[in-house]
Amino acid sequence: MAILGNMQGQGGAAGGVGAGPRMSPAQAQEFLRRGYGAMQRGDFREAGGCCSLVLKHFPKAKEAHFLVGLIGIESGDWATGKRAFRNVVSLDEAHTAGWAQLARCCVTLGQYNLAEKALHNAVATGSGDPLVMDVIGNVFSLLGDQVTALEWFDRARAKAKSAFFELSRAKALTFLGRIEEAKAALEAVLGEKPDAALAHWMLARLERAKDGEHIAVMNDIAKRMPEGHPDAPFIHYAIGKEYEDLGAWDDAFSAYEVGAAARRKLVSYDEKAEEALFAALKSTFTKEWFAKQAKGCNAESPVFVVGQPRTGTTLIERIMTAHTDVEAAGELQQFGMAMKRVTELSSPKPMTAEIITKVAGADMKALGDLYMDTTKAVRGSAARFVDKLPVNYLYLPLIAAALPNAKIVHIVRDPMDACFASYKQLFADAYYHSYDQEEMARHHLRYLDLMSHWRAVLGDRILDVSYEETVADIEPNARKIIDFLGLEWQDACVNFHDQTAAVTTASAAQVREKAHTRSVGRWKKFEKHLRPMKAVLDTAGV
């Protein structure tokens, strides 16, 4: 099928006054083929140029707009992707792939209500294309509905047996706690693509390694992988994890170190911008600022679990959501998005000092109302729902002012354990400070300083929960948390590991077991390798 289909009558301007030489439909198709090829090579400049040329002559060419959207997604410019896919569905209301990709962009941007509407249209228009089915499944997954996501991934696999769809199935099965089925799906992926680094990484995370067999396979892949390959971090982090399972501490750290260095080269971390952001937060949100705020939104259901990643936030969430009056909403981007919307400022960065300065003068009730409105699609009808985005710790005075009845639970963990836990974790698109020991430690110091400031501003609005104390003795700490939420105690909160609900974080496999103390003081196994990190913390007196 031609990329552009029938180009006639698509609004082409060719031949008009000042339009220049006319572009034929065949030439337009050739430019889009070039554009798709350039995008697949990562040459977004050429890909975008090809689209611009086609759209100059055929402004209603929906597949050209579609390619613009794909370029936006592949380059991380989700706002451009969203605009392009809106153009697609405006030109063709039955364009299922356009609706599916629009939903994907909206959910990534934290616009969940719009995502649900686009997803509804994608499902309603229907498609027999397994790739479109996979996109629909991924949107359901991002919205937290892993059961429906798996159904769509299964449909895609039924249409075309491929490692691509098995990988999607494996993700959903892991989230649902169906570990043996997830392993089978990953083994099917590796049967077709033995060097698939992401599949090896996911497989390593499913259970504790019992021997070095899988490590040997991965080491061989790592040796053959070209320098600078974007999949290198996955294979090295997976090797590190399995060496750590076997107690081979030095080998584990060597793999983590190589993986972190490879990842650091692929991401852009602006430490000066982060320093400016933290300084703006402290100078803007003071006791005096908080005392002047008018009453915010009166919603009583939000519970914010905050802190550093890999510090036990998922464990605490599971304790809460074992209670029948508490539901998990996931790691939501809505509060940060609401801040941008009320300030009418946009930025490719999650947050900036400029936005912080401007949001201080915003209507706090409007901010709270917007947050509650945009979370409707992902929270149920329980008395309380948990928003477990750790980085929401940045905005605690705004959360407290905008949602005066919300509960804020902050997880505290030993600084070295917290820093090392992040350093040895491969994150998706966040926490770019975590791939260098000294950058990680300096970030942690800024976080500790900010939390100290927030406690002075907010007092008992924040409940600090110690990770170490909780895993050592679950019940008294679980009771303290449930009491803070204003709920009656239920014994299920101690048996949180018996829950069958999906878990959509890096801890998906681990939280199916009882609380344990294996991770307490874990950094000491690697102490001789962590001197740069420890030196930064020691110098600061932490």
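In strand β3, Phe385 is the bridge partner of Pro302, a residue of strand β1. The model is a predicted one, in which local features need pLDDT of at least 70 and side-chain atom pairs count only at pLDDT 80 or more, while totals for chains, interfaces and linings use all residues. Residues are numbered from 1 along each chain as its sequence is written, and side-chain values use heavy atoms, leaving out hydrogens and water.

Let us stay with the strands for a while. Helices (H or I, at least four residues) and strands (E, at least two) are DSSP runs, numbered from the N terminus, and two strands pair if DSSP finds at least two bridges between them. Strand β1 covers residues 302-306 and pairs with β3, residues 384-387, in the parallel sense over three bridges. Another position to look at here is Val303, which stands opposite Val386 in β3. Val303 also has a bridge partner in β4, namely Lys407. Strand β4 spans residues 407-412, runs parallel to β1 and is joined to it by four bridges. On to strand β2, residues 326-330: four bridges connect β2 with β3, again in parallel. Gly330 has Asp387 of β3 as its bridge partner.

How covered are these strands? Buried means under 20% relative accessible area, exposed means over 50%, and partly exposed lies in between (1.4 Å probe, protein chains only). By that scale, five of the five residues of β1 are buried. In a regular strand the side chains alternate between the two faces of the sheet. In β1, Pro302, Phe304 and Val306 are on one side, Val303 and Val305 are on the other, and all are buried. Strand β3 also has both faces covered, with Arg384 and Val386 on one side and Phe385 and Asp387 on the other, all of them buried.

A salt bridge is a side-chain nitrogen of Lys or Arg within 4 Å of a carboxyl oxygen of Asp or Glu. Glu331 forms one with Lys388, and their closest N and O atoms are 2.7 Å apart. Glu331 sits in the loop between β2 and α18 (334-343) and Lys388 in the loop between β3 and α21 (396-402), so this pair ties together parts that are 57 residues apart in sequence. Lys388 is buried, at a relative accessible area of 1%, whereas Glu331 is partly exposed at 32%.

The structure holds 29 salt bridges, and a few others are worth a visit. Asp154 and Arg169 form one in which the closest N and O atoms are 2.6 Å apart. This pair links distant parts of the chain, with Asp154 in helix α8 (residues 146-159) and Arg169 in helix α9 (residues 163-175), 15 residues apart. Asp154 counts as partly exposed because its relative accessibility is 29%, while Arg169 counts as buried at 9%.

A salt bridge can also lie within one helix. Lys365 and Asp369 meet in one, at 2.8 Å from N to O. Both belong to helix α20 (residues 364-374), and being four residues apart, they are separated by about one helical turn. An α-helix has 3.6 residues a turn, so residues three or four places apart point the same way. Lys365 is partly exposed, with a relative accessible area of 38%, and Asp369 is partly exposed too, at 31% relative accessibility. Elsewhere, salt bridges that share partners join Glu271, Lys272, Glu274, Glu275, Arg442 and Arg446 into one network.

Our last stop is helix α13, residues 232-245, where 13 of the 14 residues are buried. After α13 comes Gly247, whose phi is positive, near 75°.
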